[in-house]
Amino acid sequence: MVASVLKTQSFIIFLILFFITIITSFSRLTVAYGYSELFGKYISPSSLGLKREKLSHLHFYLHDVLSGKNITGIRVVDGKPSTNRSSQFMFGDVYVIDDPLTIEPDINSKTVGKAQGTYTVASQGELSLLMVTNFAFTEGKYNGSTLSVLGRNEVLSTVREIPIVGGSGVFRFARGYAQVRTQSINQARAIVEYNVFVFHYR
């Protein structure tokens with residue numbers, strides 16, 4: 001009889017401990033999941049008003065003016081003192097730009113935006129730039145929207161490609177590339193043709 005009572009009590013204690021363990025574990029999971037939901041969660045693209053993805057083509061000319069009137073690019077770091085360079089390609093130089101974007105090679109043609117950012121001469125053996133630039137558009141349906149460019153620009157190559165890594169406004173969630181051709185270049189200025197192909201939602 002005593003053994004039976006003890007066995008029953010042991011079983012009851014086991015059940016109590018079992019349910020306490022289950023409830024505690026569930027509570028911890030709920031709290032952890034709740035904190036995770038506060039930090040980040042999956043959402044539907046439609047909740048942001050995103051519809052079918054589009055592919056757009058933009059064509060314009062960039063004007064980088066380094067001397068004379070209406071300068072649009074300035075050197076903010078001279079790489080020579082720190083690198084003791086002998087290269088003819090200005091390795092280590094950093095420029096900040098606010099270059100106009102126009103619809104024709106003529107700088108006086110219609111302006112559609114600005115290229116604002118920096119480029120760094122990143123090669124000792126060729127004129128190759130690291131571009132970190134935003135295209136800020138001011139015309140038509142693209143007014144107020146931007147595209148962000150990050151990549152290598154080998155200036156003396158006939159055609160090169162630079163990645164489009166993001167955007168804002170019409171170009172939210174943008175991705176694509178810019179096909180770049182130099183129209184003319186000297187120590188005072190450069191005129192560069194851009195064909196931009198970009199996927200975006202709006």
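Modeller: This is a predicted model. In it, strand 8 and strand 9 pair in the antiparallel sense over 10 bridges.

Biologist: How many residues lie between strand 8 and strand 9 in the hairpin?

Modeller: The hairpin of strand 8 and strand 9 has 3 residues between the two strands. Within this pairing, Ser184 has Ile191 of strand 9 as its bridge partner.

Biologist: In which sense do strand 1 and strand 9 pair?

Modeller: Strand 1 and strand 9 are antiparallel, with 12 bridges. Tyr61, for example, stands opposite Glu193 in strand 9.

Biologist: And how many residues of strand 9 are buried?

Modeller: Strand 9 is mostly covered, with 9 of its 12 residues buried. For the protein chain, 32% of the 202 residues count as buried.

Biologist: Turning to the largest nonpolar core, which residues touch the most other members?

Modeller: That core has 32 residues, and those touching the most other members are Phe60, Phe135, Phe137, Leu147, Phe171, Tyr194 and Val196. Strands supplying at least two core residues each include strand 1 (54–65), strand 5 (128–137) and strand 9 (189–200). Strand 9 gives the largest share, 5 residues.

Biologist: What does Phe137 touch?

Modeller: Leaving aside residues up to four places away in sequence, Phe137 touches, among others, Leu58, Phe60, Leu101, Val112, Leu147 and Phe171.

Biologist: Lastly, what pattern does the protein chain follow along the sequence?

Modeller: The order is α-β-β-α-β-β-β-β-β-β-β, which comes to 2 helices and 9 strands.

Technical notes
Residues numbered from 1 in each chain as written. Predicted model: local features only at pLDDT ≥ 70, side-chain atom pairs only at ≥ 80, totals over all residues. Heavy atoms only, no water. Helix = DSSP H or I, 4+ residues; strand = E, 2+ residues; numbered from the N terminus. Buried < 20%, exposed > 50% of the residue type's maximum accessible area, 1.4 Å probe, protein only. Core = buried A, V, L, I, M, F, W, Y, C linked by side-chain atoms within 4.5 Å. Contact = heavy atoms within 4.5 Å. Pairing = 2+ DSSP bridges.
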